[in-house]
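Colleague: I'd like to learn how to read a few local features in a model. Can we walk through some together?
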Amino acid sequence: MTADFDRWEGSLARRGEPVDPPVITVPIKPSPRGGSGTFLAADSDGEQWWVKPLNNNQGERVTVTEAVVGAVGALVGAPVCASAIVFLPPEIEGWEFRRGSRITSGYAHASRGVDNAVEHRSLLYRDRDDNARRHVGAFAIHDWCWGGDDQWLYAETEDRMLYSHDHGWYLPETGPTWSVDALISRVEQAHVASWPATGLDPEVIVAFSERLRTLTRDDLVSVLGGIPDSWPVSDLELERVGWFLESRAPRVADRLESIGGSL
């Protein structure tokens, strides 16, 4: 495949800082698990978020990847947790979110808390709630965004509804080390999940495939442009992410439909 970057050149040059982001005012508790050091906190409106700052224990790139995958996943209707770029004000600087790691002021990525959630590393409960539909989105973003270290939450009070979260290890060659070279070399390669496909909703497979095929560059620019300009990722790098996702989308749609054809 010849890399056609022309349409993406300069498309994110006007990237700025978030306008009126949620402001985290009350750190609540560190996460008891995970390597990054995500912490639970509340914003000025009382909404609770799991926050992953740039100085998390897995590196700044993980926060960037989280924000990118959360945004593009929501764009195509995947069952990702609601997420946002939040602001950590100077008033909470110094709070220790993991032993030896303290909050510094600036922008961070945050996922909305899911009440009464249980985390699993396996794709489960397809027969509960509308998970036969939601699992289709999990298959789609795993291939499209080059999933890695997949993790899911199941809301116990919502009949174990699935939410995809913690996407820091997506993008090739894994979230902390993704690069432009890796995006270019992997763009044509399939990255199909090995999970069983039995019981997926065939109508949703068709609808999801159509959404991927009709995705536009402007759609992707609208969400990638929300990554803060102050973060450690260049316009060029994000433009290559956009090119990677735009280029892969039709092929992922074909592979998703082939899963549906085997049901």
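Modeller: Asp150 sits in the loop between α2 (131-144) and β9 (151-155). Residues are numbered from 1 along each chain as its sequence is written, and side-chain values use heavy atoms, with hydrogens and water left out. The model is predicted, so local features need pLDDT of at least 70 and side-chain atom pairs count only at pLDDT 80 or more, while totals for chains, interfaces and linings use all residues.

Colleague: Which side chain of opposite charge is nearest to Asp150?

Modeller: Lys and Arg count as positive, Asp and Glu as negative; His and the chain ends are not counted. A salt bridge needs a side-chain nitrogen of Lys or Arg within 4 Å of a carboxyl oxygen of Asp or Glu. Buried means under 20% relative accessible area, exposed over 50%, partly exposed in between (1.4 Å probe, protein chains only). Asp150 is buried without a salt bridge, and Arg121, the nearest opposite charge, is 8.8 Å away.

Colleague: With which side chains does Asp150 make polar contacts?

Modeller: A polar contact is a pair of N or O atoms within 3.5 Å; within protein, one must be able to donate a hydrogen and the other to accept it, and residues adjacent in sequence count only if both atoms are side-chain atoms. The Asp150 side chain pairs this way with that of His142 (3.0 Å) and with that of Tyr170 (2.5 Å).

Colleague: What about the backbone?

Modeller: Most residues other than glycine have a negative phi, and most peptide bonds are trans. Here, Pro172 and Glu173 are joined by a cis peptide bond, omega about 5 degrees. Asn116 has a positive phi, near 50 degrees.

Methods
Helices (H or I, at least four residues) and strands (E, at least two) are DSSP runs, numbered from the N terminus.
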